[in-house]
Amino acid sequence: MKSSWSPSRRSFIGKSIVGATALVGSEFFTRPGLFAQELVTPSMTEGPFYPDRLPLDTDNDLLVLNNSITPAVGEITHLTGKVMDQKGNPVRNARVEIWQVDNNGVYLHSKGGDRTKLDKNFQGFGRFATGLKAEYYFRTIKPVAYPGRTPHIHFAVYVGDRKVLSTQCMIKGNADQNARDGLLRSIRDEKARQSLIVDFQPLAGSKIGELTANFDIVLGLTPNEDQLKEQENERKSG
Ligand SMILES: [Fe+2]
């Protein structure tokens, strides 16, 4: 898959505007201020628990490992979001990675908690490449706390081969734990901090108590398309 910014993003946007959305499209081109600067998603530390051995299955369904029939334990969460640049333009072909503890607070990392409690059915890590609408989707569990931290999900976002963001999302319902969390508190700007706190809501109509959560990601970079073209050419020739 082509893994850089599209050099023809403008024409993509142009072509994608049809019918009822045409008006919005024309406004986009004539009123540049309409999509004013989005609040850039603050970065947070990757921490020490990025898997030291990636699972054999790295897809976007963290509940089921390969062909196993036993799902992971935990509150099933459909985690979605969109990856944008600061102008609100979709960032296609971005690779979104997540990793988090299982329902017992154990990471997929040899030093990430009590190995005897590891939920062997939880994938712990997943990847997804954004498509035309720059959306990502994971099926995972609602994260639980582990000593010293409020519940969170780690994110890393790559554009091409470059990691452009490492961050974490927290859960809105955990106000007390969030308020005590040193790493979260270190983001001094209130709006920036709040942008990492996500509502985990019941999925309408779910008979098994599934949740949905949406975490949009705004990358604080302006794509340097010449540079990316160069990278692409290097890849082709190398
Ligand atoms: Fe963590």
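What follows is a short chat about a predicted model of one chain.

Colleague: How many helices and strands does the chain have?
Modeller: There are six helices and 10 strands. The model is predicted, with an average pLDDT of 85 over the chain.

Colleague: And what share of the residues score at least 70?
Modeller: That share is 78%. Residues 1–33 have a pLDDT below 50. That stretch still makes 25 contacts in the model beyond near neighbours in sequence.

Colleague: OK, the core. Which residues have the most contacts inside the largest nonpolar one?
Modeller: Val83, Val96 and Val157, in a core of 39 residues.

Colleague: Which strands supply at least two residues of this core?
Modeller: β1, β2, β3, β4, β5, β6 and β10 each do.

Colleague: What does valine 157 touch, leaving out residues up to four places away in sequence?
Modeller: Its contacts are Val83, Ala94, Val96, Val164, Leu165, Ile217 and Leu219.

Colleague: Switching to pairing. In what sense do β1 and β9 pair?
Modeller: Parallel, over four bridges, with β9 covering residues 211–214. Threonine 77 has leucine 211 in β9 as its bridge partner.

Colleague: What about β8 and β9?
Modeller: Those pair in the antiparallel sense over two bridges, β8 being residues 201–202. Proline 202 is bridged to leucine 211 in β9.

Colleague: Last one: how much of the chain is buried?
Modeller: Buried residues are 29% of the 238. As for contacts between residues at least 6 apart in sequence, 73% join residues at least 24 apart.

Notes
Residues numbered from 1 in each chain as written. Predicted model: local features only at pLDDT ≥ 70, side-chain atom pairs only at ≥ 80, totals over all residues. pLDDT = per-residue confidence, 0-100. Contact = placed C-beta atoms within 7 Å. Core = buried A, V, L, I, M, F, W, Y, C linked by C-beta atoms within 7 Å. Buried ≥ 20, exposed ≤ 12 C-beta atoms within 10 Å, placed from the backbone. Pairing = 2+ DSSP bridges.
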